[in-house]
Amino acid sequence: MKLLELLGYYNYWVFAIALVIGLYAVISKTNLIKKLIGLSIFQSAVFLMYITMDKVEGGTAPIIKAGVEDQIYSNPLPQVLILTAIVVGVSTLALGLAIVVRVNERYGTIEESEILESD
Amino acid sequence: MDLISHLPALQVIVPMLSAPIIVLLHPRGLAWAGATLAALVSFAISIALAVAVLGGETQTYAMGGWPAPFGIALSVGGLSALVLLVVTGAAAIALLAARPSIDQQIELERQPMFYSAWLLGLAGLAGIVVSADAFNIFVFMEISSLASYVLIAGGPDRRALLAVFKYLIMGTIGATFYLIGVGLIYMMTGTLNLADMESRIGDVAQTRPVLVAAGFITIGLALKAAVFPLHVWLPNAYTQAPHMITVFLAACATKVSIYVLIRFDYMVFQPTMAEHDNQFALFLMPLALLGILVASAVAMFEGNIKRLLGTSSVAQIGYIMLGASFISLAGVEASVMHIFNHALAKGGLFLAVACIAYRFRDLRIQELGGVAKTMPFTCAALVLCGLSLIGIPGTAGFISKWLLITASLESGPFGWIFVAVILVSSLMAVVYIWRIVESLYFGGSANRDTVIAEAPLQLLVVTWIAALANLYFGFFPEVPLALADNAAGVLMGYGK
Amino acid sequence: MTPQNTILIAICLPLIGMLGIIIAGRVSANLREAVTLITALCLAYVVWSLLPELMAGGRPGVEVTQLMPGISIAFRVEPLGMLFSALASGLWIINSIYSIGYMRGNKEKHQTRFYACFALALSATMGVAFAGNLFTLFLFYEILTLSTYPLVSHKGDAATVRSARVYLGVLLTTSIGLFLPAIIWTYVAAGTGDFVLGGILPGKLQDPEVGLLLGLFVFGIGKAAVMPVHRWLPAAMVAPTPVSALLHAVAVVKAGVFAITKIITYTFGIEFLFDSSSSGWMFYIAAFTILAASIIALRQTNLKRMLAYSTIGQLSYVVMAAAILKPLAEVGAAIHMVAHAFGKITLFFAAGAIYVASKKTELYQLKGIGRRMPWTMTAFTIGALSMIGVPPTAGFVSKWYILAGAFQAQNTWALFTIIGSTALNAAYFLPIIYMAWFAKEESGGKDHGEAPFPAVLALTLTAMLTLAFFIFNGPVIELESQVVQGLAP
């Protein structure tokens with residue numbers, strides 16, 4: 001029973017594992033692109049958390065249909081929030097990639113160790 | 001509704017809407033003029049808000065007429081008014097002086113974009129301050145961060161790119177941590193409005209998600225605020241940024257994150273979560289003390305003048321955190337005052353550095369020997385702001401140091417340890433400031449073949465305004481003091 | 001002019017003078033020196049005009065601005081401060097005359113900066129003298145430190161900058177590290193920092209804390225040069241001699257002992273301190289400093305450094321006299337500030353005059369110099385005799401009062417310290433006097449006469465003051481006796 005309960009939270013497990021994988025990549029990888037990929041995984045994990053918590057058992061999309069009463073909806077607010085957060089994440093990623101492109105132009109490499117050596 | 005009641009919204013809207021217009025202003029100088037005008041208007045708005053707050057009531061605003069907690073609320077109290085003054089004041093001062101320095105560092109055709117990013121950064125920072133909604137704070141935080149990444153990356157040195165990349169990674173992790181915390185709280189309370197959170201969180205105070213949320217939010221914001229030891233991004237970013245951007249960011253960027261941190265911990269968690277004050281203080285106080293000592297010690301040995309001042313900022317953030325971690329009226333007041341006074345001192349110092357940098361490319365201290373002979377006014381302003389950073393009486397820095405030491409003495413049996421740390425670090429500040437002063441005034445002048453003159457008048461005048469502000473607020477600190485007093489009263493009043 | 005305005009004018013006048021000096025410095029050197037002299041004369045007039053009111057028992061005061069609740073910039077003139085300000089402003093006139101001779105005779109650079117900083121230092125001195133509370137005292141104390149830094153580092157070469165670093169380092173370290181927490185502690189404990197006769201701390205602090213706070217004050221006020229925080233004073237001797245003469249024999253160092261005396265009288269209260277068991281150490285530290293400094297002075301070979309160590313010893317006379325905590329000794333402390341000022345400024349003037357005329361700085365070079373510079377060496381002799389305390393000089397009067405205070409307190413250690421130190425003073429001054437007058441000059445030296453006329457005039461004046469104070473000291477004693485009125489002997 002206990003085990004099943006824990007497994008029932010599998011969305012949160014995925015969230016936690018993805019979060020840690022992303023963070024690990026950011027810290028351990030020396031390739032700037034791989035760092036950014038890690039950062040993206042890290043952020044996506046958080047999106048998953050928000051999406052998970054808005055789910056209401058048996059709920060449908062929060063669209064009001066005429067004549068339907070007592071319909072259970074999923075909470076729309078986290079979805080809206082996470083749309084915003086995804087936009088923010090995409091902009092961050094785009095800016096990060098743009099910086100990597102510039103790094104490559106100026107240094108001729110995107111390996112952190114090689115960059116540090118050349119300065 | 002009259003104009004005053006719209007001011008909290010205008011505070012964000014003015015710079016935000018000016019930004020896209022400025023992109024279009026291509027003729028030489030027009031972009032700068034537009035951005036400066038927008039910043040000055042923002043500054044005027046924040047002064048009006050401060051006057052209104054001093055007059056009595058907290059200013060609140062419901063976006064689109066939707067009342068909180070359904071709509072997005074803005075609110076400006078004593079603390080926000082003071083931080084707004086710092087943010088918009090820093091932007092206005094830096095932009096006023098910026099033109100000669102920016103002309104030198106940023107190519108002409110990129111300038112409209114650059115100024116536009118600057119205004120977006122200002123809008124983001126102002127938005128964080130006025131927002132009373134946890135998620136909105138995140139959005140504004142990201143707006144300001146993205147803008148400041150762009151601004152810093154504008155630095156002419158290629159090392160700026162690496163510094164900014166590091167800042168981007170750290171900043172995003174910090175913001176995402178904050179987002180996780182907000183999500184967990186939303187999960188438990190079903191609200192994003194800060195005031196609403198405060199009233200609802202009591203019922204679920206000791207549940208694990210809320211405890212975890214408190215941890216994520218505190219650490220995420222500490223990362224953005226460059227609290228030791230999460231500060232590694234800061235010295236590099238400040239060193240490599242264009243000089244005027246350093247002025248702006250050093251004066252206000254980290255302080256806004258501290259502001260959010262203080263608001264969350266005092267307003268949302270403190271009143272209802274048992275033991276939170278202990279956890280908060282025990283977490284922050286050692287970090288603050290270590291930060292003060294280690295960063296000051298490192299600053300004593302820094303070679304580059306901008307790096308030195310950036311490292312010193314980490315120590316000064318330690319002062320602010322130390323005051324906040326006392327969880328007492330006097331402590332919070334000292335902490336809030338130091339937000340204001342440090343912005344004055346550090347902003348002035350970086351302005352003077354920008355003046356020097358206008359004439360001298362190499363900013364290593366030993367290369368700046370004898371600069372005072374050719375730039376006497378710049379160097380005098382630098383000395384004045386340096387004295388304020390040290391905390392010599394008669395300068396703004398002294399006021400916050402006095403308050404901080406008083407708060408330490410009143411904080412209990414360990415008070416003397418805090419006093420000792422503050423004083424030792426002040427003495428280290430004497431050492432690092434005087435290293436600069438000695439080099440400027442008595443160092444051997446290296447073989448310079450070109451005739452070096454004073455900085456352009458525009459830079460110089462603004463630098464002196466900042467320097468004299470340090471003196472003025474050293475003798476007449478009533479206004480910031482009243483706001484800090486108000487802020488401390490409100491923050492400590494929650495849950496009472 | 002109301003006394004309130006007079007106080008503010010006394011503090012602002014040197015600042016206005018400073019601006020005038022900077023502006024005049026761009027026009028001509030003569031004009032600049034004229035501005036300095038006029039400012040000095042006006043300042044002395046303004047300060048001395050306060051004297052009648054003080055003698056009549058008035059204590060004029062004025063509050064300028066309040067920084068935080070309870071903490072304000074305020075001035076209040078009382079006998080100690082009156083004496084100190086009258087002394088500093090009066091001697092500034094003579095010192096300015098001397099500076100003209102010295103700086104021109106030496107062809108020093110940056111003379112405008114020199115005169116401007118000097119005026120700023122005097123403004124800070126007036127602020128220290130008139131301070132009405134601890135905060136104001138601290139404010140001007142720090143301004144005094146910072147404004148004298150450019151004077152000490154005047155020469156600008158590597159060795160000078162190193163010495164100036166010691167100067168600033170010691171003074172700022174002690175003031176920020178010890179003096180400031182002591183002040184804040186006082187404010188937190190007593191709720192105020194105002195100077196009130198009889199003290200603000202009685203009943204507020206318990207015994208071991210009294211001694212600790214006193215320690216923070218005594219060592220925090222580094223300008224008093226109580227060992228072991230005395231290192232800055234010999235370091236400051238790299239400055240041009242007028243700086244050593246007025247600032248490091250009168251204004252700066254006296255600001256230190258003045259602050260200690262004032263804090264003992266007005267913050268702790270003499271009787272409170274006498275009754276507390278944890279404050280006795282101050283006396284022994286001062287006594288030790290007197291003897292140790294005299295012994296070190298005995299071993300110096302450089303004239304100005306010897307005078308610096310002599311100053312350290314003489315300053316501790318004031319601290320020790322104050323630490324005897326008896327009425328007559330407090331009066332003696334105040335009088336010794338005056339007596340030492342007259343004597344030591346004469347000695348420094350003489351040292352500077354010798355340097356200008358002959359470029360001699362070491363003691364062994366002074367053989368037979370009395371015949372070449374009779375005026376200078378006569379003044380030097382008078383100053384030295386005053387240091388030893390021989391009648392008819394000023395030094396005798398103050399030693400008399402300190403000894404009388406020691407008898408009041410039945411403090412035999414004080415007696416022995418004074419006797420021992422007098423012997424040591426004689427041991428390092430008399431050989432110089434003998435050498436200067438009676439030894440035969442070594443051949444091959446530079447042929448020279450007296451220093452420029454303004455310098456000789458200045459040192460003659462101060463030497464005469466040293467002699468005159470032996471007889472005309474009545475008003476000073478009358479004024480200072482007001483401080484200890486009504487106290488049990």
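Analyst: Begin with exposure. A residue is buried if 20 or more other C-beta atoms lie within 10 Å of its own, exposed if 12 or fewer, and partly exposed in between. Keep in mind that this is a predicted model.

User: Is G368(C) buried, exposed or partly exposed, and why?

Analyst: G368(C) is partly exposed, because 16 other C-beta atoms lie within 10 Å. In chain C, G368(C) sits in the loop between α14 (327-358) and α15 (369-372).

User: Which residues is G368(C) in contact with, leaving aside its neighbours within four places in sequence?

Analyst: With those neighbours left aside, its contacts are A439(C), K440(C) and E441(C). For K440(C), the separation from G368(C) is 72 residues in sequence and 5.2 Å in space, C-alpha to C-alpha.

User: How do I read an interface between chains?

Analyst: The size of an interface is often given as the accessible area lost when the parts come together. Here, residues in contact are counted: 21 of chain B and 25 of chain A. On the side of chain B that touches chain A, α5 (134-153) and α6 (159-189) of chain B each give two or more residues. The largest share, 14 residues, comes from α6(B). By class, that side of chain B has 15 nonpolar, three polar and three charged residues.

User: Which residues have the most contacts inside the largest nonpolar core?

Analyst: They are L82(B) and V164(B), in a core of 442 residues. Apart from neighbours within four places in sequence, V164(B) is in contact with I99(A) of chain A, and with Y149(B), I152(B), A153(B) and A237(B).

Technical notes. Residues numbered from 1 in each chain as written. Chains lettered and ligands numbered in written order. Predicted model: local features only at pLDDT ≥ 70, side-chain atom pairs only at ≥ 80, totals over all residues. Contact = placed C-beta atoms within 7 Å. Helix = DSSP H or I, 4+ residues; strand = E, 2+ residues; numbered from the N terminus. Nonpolar A, V, L, I, M, F, W, Y, C, P; charged D, E, K, R; others polar. Core = buried A, V, L, I, M, F, W, Y, C linked by C-beta atoms within 7 Å.
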